[in-house]
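Biologist: I would like to learn how to read aromatic ring pairs in a model. Please take me through one case.

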Amino acid sequence: MWDIWLWPMVIAFGVMVWICIAGIRKTSKSFQLNVTNRIPETAADHPFTMNPLLWIIFVASLFIFIVIFYYWASFY
């Protein structure tokens, strides 16, 4: 099992780490520029697309779906 899924798991983990780092950099930049206590316009207009946790959950769910679908298809 580890031979087949090692590199796809490494790629999925890399994408999740990249999303986490990009989210941290973006939020720290927006907090530095935000002198007053108001929400940035981008986050106010699209609150779900700016949330890196939702993107990480999406990538992990997609990877798990691919693994489950692979084993389901190979069963028949």
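Biologist: Which residues do ring pairs link into a cluster?

Modeller: This is a predicted model. In it, ring pairs join Trp 5, Phe 63, Tyr 70 and Tyr 71 into a cluster. The count of aromatic pairs comes to 7.

Biologist: How far apart are the ring centres of Trp 5 and Phe 63, and at what angle are their planes?

Modeller: Planes over 60 degrees apart count as edge-to-face. For Trp 5 and Phe 63 the centres are 6.1 Å apart and the planes stand at 85°, so this pair is edge-to-face.

Biologist: Where in the chain do Trp 5 and Phe 63 lie?

Modeller: Trp 5 is in helix H1 (residues 2-33) and Phe 63 in helix H3 (residues 52-75). The two are 58 residues apart, and their pair links distant parts of the chain.

Biologist: What are the distance and plane angle for Trp 5 and Tyr 70?

Modeller: Their ring centres are 5.3 Å apart with planes at 80°, so Trp 5 and Tyr 70 also form an edge-to-face pair. Trp 5 lies in helix H1 and Tyr 70 in helix H3, so this pair ties together parts 65 residues apart in sequence.

Biologist: Is Trp 5 buried or exposed?

Modeller: Buried means under 20% relative accessible area. Trp 5 has 10%, so Trp 5 is buried. Phe 63 is buried too, while Tyr 70, at 37%, is partly exposed.

Biologist: Where is confidence lowest and where is it highest?

Modeller: Helix H2 (residues 41-45) is lowest, with a mean pLDDT of 68, and H3 is highest, at 89. The protein has a mean pLDDT of 79, and 67% of its residues reach 70 or more.

Notes:
Residues numbered from 1 in each chain as written. Predicted model: local features only at pLDDT ≥ 70, side-chain atom pairs only at ≥ 80, totals over all residues. Heavy atoms only, no water. Phe/Tyr/Trp six-rings, centres within 6.5 Å; stacked < 30°, edge-to-face > 60°. Helix = DSSP H or I, 4+ residues; strand = E, 2+ residues; numbered from the N terminus. Buried < 20%, exposed > 50% of the residue type's maximum accessible area, 1.4 Å probe, protein only. pLDDT = per-residue confidence, 0-100.
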